Amino acid sequence: MSTPSGSLAYAVELDGITKSYPGVLANDDVRLRVVPGTVHAVVGENGAGKSTLMKILYGAARPDRGTLRIGGAPVSFSSPSDAIASGIGMVFQHFKLAENLSVLDNVILGEEPVGRFGRIDRDAAARRILEISERYGLAVDPHAMVRDLGVGRRQRVELIKVLFRGARILILDEPTALLTVQESADLLSRIRGLCEDGLTVVFISHHLDEVVEISDAITVMRRGKVVADVLRGEADVHELAVLMVGAEPAALPLRDRGRDRAVLLRMEGVTATAPGGGRLDLDLEVGAGEIVGVAGVEGNGQDELVDALLGVLPLTAGTVVLDGRDLAGESTAQRRVGGLGCIPQDRQREGVLLDQPLWRSQLLGHLHDRRLARGPWLRIGAVRRAAEAVVASSDVRVPSVDLPASALSGGNQQKFIVGRELDARPDLLVAAQPTRGVDVGAQRAIWARLIEAAERGTGVLLISADLEELLTLSDRIVVMVRGSVVAVHDAESATVAQIGRSMTQAVA
């Protein structure tokens, strides 16, 4: 790929970038060229080297070898501050916002405009935020508290933060991973608007349909190397998936859907109110070997449902019975020992211990498993062997379980969590966003493991914002609005449009 004849230099040019960590060659002689004013996607499996490459571009890591040019000029970044000063901004998949501060305070943090007498000019900052909001269609109230904003508006705040600092090159890391279908479509249109205004976007996503829709050029990485560069229209979703994985995606195991199943989980007359005001008021059943999907716009009781099942959220009324056992009065630990597995929706906050060796994350939710611990005494050898078994069974790409969990890509962290929960053979698995932020190969591997668990008799409560995922895996799909079940669909006959209408009509 090259810039058009007579145009300016590349917005971003990486040549020969090589970066290794102990036991891992993350980037191997990588070359990337991004044309100004375009959307350039970088795709690949988890662990392909995308995150490392973006860290280097953003100054959060330094290459062992290779050169970096911005606008044709050689640069060397020692920190993100250097990258920001060169006009580069990065919006991370996991938002970096202080919930107890306003939008304005989050945006100006570290970049406070100073007015007369050395005071922070908050009025000037608010005007600038409104100007950016109006220019790019990112409507946000500068004085709103971040804790009161939904995920879509928080994403807008993150974009405003980097634009406020003067970024002309934006790195967007999985920007739609936490968004609804409608919010994702809105964001993609905003991204095109940024490019039309002369900004350049480096777009990292596992949603290949979005990549094909929005990108002017696509770089495909595999195992640290660039394996293909394609322009708009040169590859479809399937062809990109094959380039990423290096083979045709594996077929999913067959599902025996729709047969009568013994009731495993019964929630009757369950009501609860969370400290933040979220409510739960529903009846719900999951059969042994059944996958029940839960759809709904984020914030409509899904979190409260998980917390009620784990015993974190006390019920004000109703009963929860698992395999004939009333869970009233049982702690989370007792429920876990009693056959309840859980894949949390936020892997970094709830699923792994980021700064600890990976084997220690094997204990999360399983500290009372007598195979791993006896009272206060850990059976460290057993814990390590269990973690190594998960790494092997779930294709977690890490050279040693002694590396910290933070050394793994997000997708490999997710594969470890899913493997840990399924290797424990739970009676009921609560799976919240189990494939969020993973590549197409890992997604299908996780889907296959969920299907295999159901075929063994495990009941699965699948909470997902991915409607295609729900339709692919579920026997039934329940739609939640304001903490209640408002519709139930047969997954084999339902469509994305039908479920979407159930989600949004009731909200309206």
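**View 1. Strands β4 and β5 pair in the antiparallel sense.** The model is predicted: local features need pLDDT of at least 70, side-chain atom pairs count only at pLDDT 80 or more, and totals for chains, interfaces and linings use all residues. Residues are numbered from 1 along each chain as its sequence is written, and side-chain values use heavy atoms, without hydrogens or water. Strand β4 covers residues 65-70 and meets β5 over 3 bridges. Leu 68 has Val 75 in β5 as its bridge partner. Strands are DSSP runs of E, at least two residues; helices are runs of H or I, at least four. Pairing needs at least two DSSP bridges between two strands.

**View 2. An open sheet of 4 strands runs in the order β2-β1-β4-β5.** Its pairing is antiparallel.

**View 3. Leu 327 sits in the loop between β15 (325-326) and α10 (332-337).** Leu 327 counts as buried because its relative accessibility is 2%; the limit is under 20% with a 1.4 Å probe, protein chains only. Leaving aside neighbours within four places in sequence, Leu 327 is in contact with Leu 309, Val 320, Leu 322 and Arg 335. Contact means heavy atoms within 4.5 Å.

**View 4. The second largest pocket is lined by 35 residues.** A pocket is an open set of points on a 1 Å grid over the protein atoms alone, with protein on both sides within 12 Å along at least five of seven lines; lining residues have an atom within 4 Å of a point. Nearest the centre lie His 207, Asp 209, Gln 443, Asp 466 and Glu 468. Helices that each supply at least two lining residues include α6 (181-196) and α15 (440-456).

Note on methods
Buried < 20%, exposed > 50% of the residue type's maximum accessible area, 1.4 Å probe, protein only. 1 Å grid on protein atoms, 1.4 Å probe; cavity = no way out; pocket = protein on both sides within 12 Å on 5 of 7 lines; lining within 4 Å.
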